[in-house]
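Please look through the structure below before reading on, following the chain from one end to the other. The paragraphs after it are meant to be read with the model open.

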Amino acid sequence: MNNYVQNISHKTVYIRPNDDINSIMKSSKDGDTFVFSSGIYKNVTIYPKNHQNFIGEEGVVFDGSIPIKNWIFQNGFWCADGFPEPSFNHGEGRDGMAKFTEDLVVDGIPYQRVSALSALVAGAFYYENGKVYIIDNPENKVTEALSTTTAFVGGTSTGVSLHNITVQKYASMAQRGAIDAHDTQNWTLTDIVATLNHGAGVAAGDGMQIIGGSFHRNGQIGIHAWDTINLFIKNVEVTDNNYAGFSDTWDAGGIKVLTSRNVNIVDSIVKENDGFGIWVDWDNKGISINNNIVSGNSNAGIFIEASYDTKIVDNVVSMNNVGMYTVGYWGSDILVNNSSNVLVLNNQVISDVGQGIGMQQAERAPGIFGEHWTWNNVVSGNTIVMLSPGLNGFASDNKPGSYGNLTWNGNSYHSEKIEYLSFTWDNEMFSVENMSDHHFEQHGSFTSEASASGAAAVVPPAVKSSLILRISGDAYNGNPEFNVTIDGKTISGFSTDASHADGEWQDIVIAGDFGPGGPQSVRVDFTNDAWHGPGMDRNLYIHSLHARDQIYDASLADSSAGWTNAEGALLSTNGYVEFNTTLPPSSLILRVSGDAYNGNPEFNVTIDGKTISGFSTDASHADGEWQDIVIAGDFGPGGPQSVRVDFTNDAWHGPGMDRNLYIHSLHARDQIYDASLADSSAGWTNAEGALLSTNGYVEFNTTLPPSSLILRVSGDAYNGNPEFNVTIDGKTISGFSTDASHADGEWQDIVIAGDFGPGGPQSVRVDFTNDAWHGPGMDRNLYIHSLHARDQIYDASLADSSAGWTNAEGALLSTNGYVEFNTTLPLSSLILRVSGDAYNGNPEFNVTIDGKTISGFSTDASHADGEWQDIVIAGDFGPGGPQSVRVDFTNDAWHGPGMDRNLYIHEINITTDLTERHSVIDENGLALSSSFQFEFIL
């Protein structure tokens, strides 16, 4: 019989709006789940504990406001008492008033605070001495004041999840969130709505995933992150923020990331914010901004400032700079300032104010990664539509050595008039006509209404009614030609001179009235195929369609193409590609890395039976690099069912001459699937994923959502940290280690996600693999505290193991050995109610259950003060529960009256699936006044 102990029991609590939530949370345990019934929860602040889950039924709203009533009209103003006094104030903006957190909201519209009664206008309020003043008639309107500061205060908690909850009208301070998770680890927010909060909607923490949801109309910003590592933002809408009027050059707008690393922002809409759309500000590294729509923001759409290693790829960035900034490149739709190793690739930029893509170098102080210089940047493959005269290019302060190795080439420019297109390079201005004298944009393309052939190719007068086809070709005795059919209407006469062999792509812009939702169907027909032998071949390549504010990959569209790859679809004979735009594309992300030898590793991806070839990665596994491959398409309502990766170009010619592919994980269906637990031909998996060292595959089944297990471990380090393998249902994952110091009381949670079947994993085994000992203090050991799986916590102290030492903390592996958890048998629980007299320390005791002893228990409950403490032990005790429970008091002490250490045992309560047994030993507690044992025969 395998037994398990659970010192903290999980439970699910159902909460209604009028419940005493503070008391419920105070008595809660790590890992508990809370389900909130529909309704409004007023002025609630929750302090989550580790791994707790907060789930809202439909219509759950956390509201931090108080009502403002009893308005009277006097001296030309409406006035009411009871408005909260100013508390926190922080930030710069609008006459010094933006910093005050208590706002007035009238019928859901936030009013702006003014500094004097004489400054009142419609939509504004003035506060003085507990009174609020407005000039608008508040009768028959709902008037509220933001009062409570925070809905969720994360502290340093880890593993918390929030789902389907609206958080509104909290008086959050600027740069802090109504959901304040800045110091947290590995939180998950899904389908959260944060609105009408004074500061940020959410302040993000390390490892946070924000998936879905809306962060709109907050006083300062939608999402704020600083000093944050491994933040992932997907499928969110961040709109209409900064109602309080914070200075946008201080900190305001849609999303701001500051001094952070490894941040991904994908598949999101960031629009109409008063400030920057996405602002990556100062000493950030490893930022990826992919496949987003960024439009209508008052300053730059995407702003990279004094940062490093950033990718801006496949975004639609349009009609930003509503505030009409025209000094230098400030206000560009995409602006890169004092930043290095930045890739700006394949974006679609539409500018109506005069600045498309701008890059600047100015005098700035160095940062933690070195100088803030402009080096090694690439701007290529972008489509830039200039609706008014304006600039694109690079400007500098001419400081020698502060910039260099800049590539700006292969972009496509469209304008109503060719004169609208002006460029700068290192402060020299030039036009299309004299561009041949410069290395800038040698392979770019430039079209205008006057030069375009046919009305279909002109720059759209109304950008919202446009679609863009990205194409290329192989020319032979003429360029490839094609027709485009939109919702049944065919436009003929298109062709492309972009050379696929030279890596060129051309964007075909088509404008028209496609109805309120945009076109429903777009079909491309290749019409003039030709072939007369090798090298004498005319072909058409279709990369993608941008329509309905989405990008659709041709590789996943319906087509007659016999060949698709990561670039799209090849029509090598007359045929078609047809995009169905009625279903929005979703995306999946593969995280991969490689060992390169005579070329990078290459691979194909098969999604629900359709193969896309031609992927490769230049991320170096030896250097700790990973690359995210983003694939967008219509995968059906629930997303893809199966995703398979095939390594195709293995090579080996001896040590150090080896080409390999590493697959870390798949992100799809709003879940992350670890490759280490996927079906594969890999002969080696570890905590990082799966290594394909020969041509082979990894296949993810996404029909079953991944669950997760958490191992809590610690160690004694000596000449290196303890290392271990984890075997789950017979599959071993190697390469785990822990740097948590047991001597310092540290524990580390190892999270493993995968499809463990409907009920979760059946067996989890941990093997310590690198024991070392060279005398006292020179010892490497592994401590295993517990396993969290199947919504239970299993303590290692009662698991099957080779451990020679267990206590209330878990099991010590002092030599290479194992701990194995059997999770097929459900846990029952045993509760001992104890108390004590403390003297020079608390009373300590061991508990022996059916012959197995767990040491290291103690109690700080004072018997003299009438206190009792419940010791909860959970495990598989058999169908009827444990047969025998013995308590051994182990550290008695006595040095006279009042100097006595004792243990009191009040009762035992046992609950199983079949029965519940309750036994009171003594109402006042049975006193063990010497080192003694008491045994329950059950």
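This is a predicted model: local features need pLDDT of at least 70, side-chain atom pairs count only at pLDDT 80 or more; totals for chains, interfaces and linings use all residues.

Of the 938 residues in the protein, 55% are buried, while the protein exposes about 37,000 Å², of which carbon and sulfur atoms supply 48%. When contacts between residues at least 6 apart in sequence are considered, 66% of them join residues at least 24 apart.

One example of how the strands are arranged is an open sheet of five strands, which run in the order S50-S49-S52-S59-S56 with antiparallel pairing. Strand S50 (489-495) and strand S56 (558-559) are the edge strands, each of them pairing on one side only. Strand S49, which covers residues 481-486, pairs with S50 over five bridges in the antiparallel sense, and glutamate 481 stands opposite serine 495 in S50. Strands of a sheet in general pair through backbone hydrogen bonds, either parallel or antiparallel.

In soluble globular proteins, nonpolar side chains tend to be buried together. Here the largest nonpolar core has 72 residues, and those with the most contacts inside it are Phe36, Phe54, Phe62, Phe152 and Ile210. Leaving aside residues up to four places away in sequence, phenylalanine 36 touches a set of residues that includes Ile15, Ile21, Met25, Tyr41, Phe54 and Phe62, and also Gly56 and Glu57.

Turning to charge, the structure holds 22 salt bridges. One of them joins aspartate 63 and lysine 169, whose closest N and O atoms are 3.9 Å apart; aspartate 63 lies in strand S5 (residues 60-63) and lysine 169 in the loop between strand S17 (166-168) and strand S18 (177-180), so that the pair links parts of the chain 106 residues apart. Both aspartate 63 and lysine 169 are buried.

Arginine 591 forms a salt bridge with aspartate 628, with 2.8 Å between the closest N and O atoms, and this pair links strand S60 (residues 586-595) to strand S63 (residues 627-633), across 37 residues of the chain. Arginine 591 counts as partly exposed because its relative accessibility is 29%.

A further salt bridge, at 3.8 Å from N to O, brings together the side chains of arginine 833 and glutamate 907, which lie in strand S84 (residues 828-837) and strand S90 (residues 900-911) respectively, 74 residues apart. Arginine 833 has 29% relative accessibility and therefore counts as partly exposed, whereas glutamate 907, at 10%, counts as buried. Salt bridges with shared partners also join Lys42, Asp63, Glu144 and Lys169 into one network.

How values were computed:
Residues are numbered from 1 along each chain as its sequence is written. Side-chain values use heavy atoms; hydrogens and water are left out. Buried means under 20% relative accessible area, exposed over 50%, partly exposed in between (1.4 Å probe, protein chains only). Contact means heavy atoms within 4.5 Å. Accessible areas come from the Shrake-Rupley method with a 1.4 Å probe; for residues, only the protein chains shown count as cover. Two strands pair if DSSP finds at least two bridges between them. Helices (H or I, at least four residues) and strands (E, at least two) are DSSP runs, numbered from the N terminus. A nonpolar core is a set of buried Ala, Val, Leu, Ile, Met, Phe, Trp, Tyr and Cys residues joined through side-chain atoms within 4.5 Å. A salt bridge is a side-chain nitrogen of Lys or Arg within 4 Å of a carboxyl oxygen of Asp or Glu.
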